[in-house]
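Please take a look at the sequence and the 3D structure below. This report walks through some backbone features and then a sheet.

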Amino acid sequence: MLSKDQFCCHQTDQYQIQVYGSAPYYHYLLLIEVDEPYAKDALLASSLPEEVKTHLQKQADLLGDTKVLLIKNKQSRAGTIRCFFVDNAARIPIVYAHTLTTYKALLFDWFSLTQSTTPHTEPLYLVCTNGKRDKCCAKFGLPIYENLASQVPPNQVWECSHFGGHRLAPTLITLPNNLCYGNLNLPDLPDLIKNTEKQQVWLPKLRGRCAYNTAQQAADYFLRQQLQITEFADLQLLPHKSDAVNKHLYQTTFLHLPTQQTFVVQQQIVKSDYAVYGSCNKPEKKHIELHHLLTIAKILQN
């Protein structure tokens, strides 16, 4: 196990670990404002009424592939509870904002917001600062949160509970596009903000698009990097019977909408020859998956 003076996220620089292909995957995201310190299991240990916790978990189970995160920011105030429902299953993700006065008002069908609420279009930044889950997130996430809040409207920046990948801290998710970034430094933020506000993908620290599995995330990164595609909406993942050719070989097909050209990205996924700590709190090391680009082929149209 790492000592108290060591941090698992420092392994990223030590081994030059690739960041892409590591984003959390979900179809839907429920964000609930709870202005209190977050425990290791933030939702279950929170001060929310038990019936609300049960209801939120049931909603997540009914929706499927759903994450529930707690959020807070400098605008948090008593008597107002802000929450968001994020539809990440759509080709272009949509965020719905909602404001309540009591937590018991959370006992409703969250999917109904898609029928009754105007989409929220301003950028949002979710920075993991959950130090009880991993100390890296508090030590390195809080400065990212503070700096972001000084560069964009404070109501657009949120601290949030754990969503995965603390060994790549500091890490954040940008909405509405549900892009995840990791291994961030303060000098990265102006470029990250500029690209986010332009609805563009910032490649240098991209972990991936949260609507994709890890192989698809890496394929999206490879294609964007090779063809210099930065516009978020320019690539459409095409349905495929299976991305897996065999245990280690994957191919993913995208349509480049501006040109209507189809590309197939083939990659190999292998285990690293080195082992890293998955968390500051776990005593064992593990080998991680690495994505290697093999080919990018353009499919000729008939």
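## Cis peptide bonds

Pro 170 sits in the loop between β7 (157-160) and β8 (172-175). Strands here are DSSP runs of E with at least two residues, helices are runs of H or I with at least four, and both are numbered from the N terminus. A cis peptide bond links Ala 169 to Pro 170, with omega about -5 degrees.

Another cis peptide bond joins Leu 175 and Pro 176. Its omega is about 10 degrees. Pro 176 belongs to the loop between β8 and β9 (179-181).

## Basis of the model

This is a predicted model, in which local features need pLDDT of at least 70 and side-chain atom pairs count only at pLDDT 80 or more, while totals for chains, interfaces and linings use all residues. Residues are numbered from 1 along each chain as its sequence is written, and side-chain values use heavy atoms, leaving out hydrogens and water.

## Positive phi

Most residues other than glycine have a negative phi, and most peptide bonds are trans. Asn 178 has a phi near 55 degrees, a positive value in a residue other than glycine. Asn 178 lies in the loop between β8 and β9. Is Asn 178 buried or exposed? Asn 178 is buried, with a relative accessible area of 0%. Buried means under 20% relative accessible area, exposed means over 50%, and partly exposed is in between (1.4 Å probe, protein chains only).

Asn 183 is not a glycine, yet its phi is positive, about 55 degrees. Asn 183 is in the loop between β9 and α5 (189-197). Asn 183 is buried, with a relative accessible area of 12%.

## The open sheet

In what order do the 4 strands of the open sheet stand? The order is β11-β12-β13-β14, and the pairing is antiparallel. Two strands pair if DSSP finds at least two bridges between them. β11 (235-237) and β14 (285-299) are at the edges. Each has a single partner strand, so one side of each is left without a neighbour in the sheet. From one strand to the next, the twist averages 35 degrees. Axes are lines fitted to C-alpha atoms, for helices over the stretch in contact, and angles run from 0 to 180 degrees between N-to-C directions.

Strand β12 (residues 249-256) and strand β13 (residues 261-277) run antiparallel, joined by 8 bridges. Leu 249 stands opposite Gln 268 in β13.

## A helix on the sheet

Helix α6 (residues 214-227) packs on the sheet. Helix α6 touches β11, β12, β13 and β14; contact means heavy atoms within 4.5 Å. The direction of α6 makes about 50 degrees with that of β14.
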